[in-house]
Amino acid sequence: MKLIILCCSLILMAVSFFASSTEQTITLKLGKPSTQDIPKNHYILTLLEKSFAKVNVKLNIAYSLEPMNTKRILEELTRNDDVNLAWLTLPNSLAEQRHLIRTSYPIYNGLHSKRLLMVKQSRLGEFSDIKTLKQLKPFIALQKQSWSDYYVLKNNGLTVNGDLSYESMLKALDEGLGDYFPRSVTAIKAEIRKHPQYNFVIEPHIESPRVHRRPVCLSQATLPDSFKLS
């Protein structure tokens, strides 16, 4: 299996930066998620806003009109038209495309690999005595088979249902057809707030096996000299 890596792809049009020497606003265009109801990545959006603010540039975020999967986003990044920024999970064969310049930078600083368990509040007691991975194995995890987390869970011997869509996984968790839903520590609170009808909470004692990725930044255009991702 090819190494899965976390990619932050910054494809910024040079004209956006250099159309005017006094330009103080830039628009980053993102692909609209192909799966509905996935929360925005507030961590990265806040990081970008603060980074541009450091160089006195106001940041606007715009989304494509049509939903896009990873393949479509990559195509749009190449054309640098409807999408000029994306953060994606890609195999090396796609991440190292010649038309993208690869620049390593750990934007998550390890946070993205940390997983917490989303569970129903009424079932918290069932997890309170779990101390080992072996004790967790009878419980059913929910994770889409096309996501890299799925293989991490399976390789650790855990029981995983990978056949459901994101929306169906939430319903399965609510109806007891799944026991827990591992989510990124950077996103789980926003996801729970977005779906208050399910009464989900964070299991406070257990961390899911981690997903180890190598953060990189892919860029096709030159950033202003004053702009640093730090």
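**Entry 1: Arg123**

I started at Arg123, which sits in the loop between E6 and helix H5 (124-127). Helices here are DSSP runs of H or I with at least four residues, strands are runs of E with at least two, and both are numbered from the N terminus. I am working on a predicted model, so local features need pLDDT of at least 70, side-chain atom pairs count only at pLDDT 80 or more, and totals for chains, interfaces and linings use all residues. Residues are numbered from 1 along each chain as its sequence is written, and side-chain values use heavy atoms, with hydrogens and water left out.

Is Arg123 buried or exposed? Arg123 counts as buried because its relative accessibility is 15%. The cut-offs are under 20% relative accessible area for buried, over 50% for exposed, and partly exposed in between (1.4 Å probe, protein chains only). I then looked up its contacts (heavy atoms within 4.5 Å). Leaving aside neighbours within four places in sequence, Arg123 touches Gly176, Gly178 and Asp179.

In H8 (residues 166-175), the buried residues are Tyr166, Met169, Leu170, Ala172 and Leu173. Seen down the axis, they fall within an arc of 165°, so they line one face of the helix. The arc is taken over the directions from the helix axis to the C-beta atoms. An α-helix has 3.6 residues a turn, so residues three or four places apart point the same way.

**Entry 2: whole protein**

I stepped back for the totals. The protein has nine helices and eleven strands. Of its 230 residues, 42% are buried. Among contacts with a separation of 6 or more, 77% join residues 24 or more positions apart. The accessible surface comes to about 12,500 Å², and carbon and sulfur atoms hold 51% of it. Areas come from the Shrake-Rupley method with a 1.4 Å probe; for residues, only the protein chains shown count as cover.

**Entry 3: core**

Which residues touch the most other members of the largest nonpolar core? They are Val119, Phe127, Ile130, Leu136, Phe139 and Tyr180, in a core of 14 residues. Strand E6 (115-120), helix H7 (148-155) and E10 are the elements that give two or more residues to this core. A nonpolar core is a set of buried Ala, Val, Leu, Ile, Met, Phe, Trp, Tyr and Cys residues joined through side-chain atoms within 4.5 Å.

I checked Ile130 next. Not counting residues up to four places away in sequence, Ile130 touches Gln135, Leu136, Phe139 and Ile206.

E6 followed. Five of its six residues are buried, so E6 is largely enclosed by the rest of the structure. E6 pairs with strand E9 (residues 181-184) in the antiparallel sense, over four bridges. Strands pair if DSSP finds at least two bridges between them. I noted one partner: Arg115 bridges to Ser184 in E9.

**Entry 4: rings**

I listed the aromatic pairs. Rings of Phe, Tyr and Trp (its six-membered ring) pair if their centres lie within 6.5 Å; planes under 30 degrees apart count as stacked, over 60 as edge-to-face and the rest as tilted. That rule gives five aromatic pairs. Tyr150 and Tyr151 have ring centres 5.3 Å apart and planes at 90°, so the pair is edge-to-face. Tyr198 and Phe200 have centres 5.1 Å apart and planes at 15°, so this pair is stacked. Both Tyr198 and Phe200 are buried. Tyr150 is buried at a relative accessible area of 11%, whereas Tyr151 is partly exposed at 34%. Ring pairs also link Phe127, Phe139 and Tyr180 into a cluster.

**Entry 5: around H7**

In H7, I found Ser148, Asp149, Tyr150, Val152 and Leu153 buried. Lys144 lies in the loop between strand E7 (140-142) and H7. Lys144 counts as partly exposed because its relative accessibility is 26%. The C-alpha atoms of Lys144 and Leu164 are 6.2 Å apart, across 20 residues of chain.

**Entry 6: positive phi**

Most residues other than glycine have a negative phi. Asn56 has phi near 60°, in the loop between helix H2 (42-54) and strand E3 (58-68). Asn56 is exposed at 59% relative accessible area. Asn199 also has phi near 60° and lies in the loop between helix H9 (188-194) and strand E10 (200-208). Asn199 is partly exposed at 42%.
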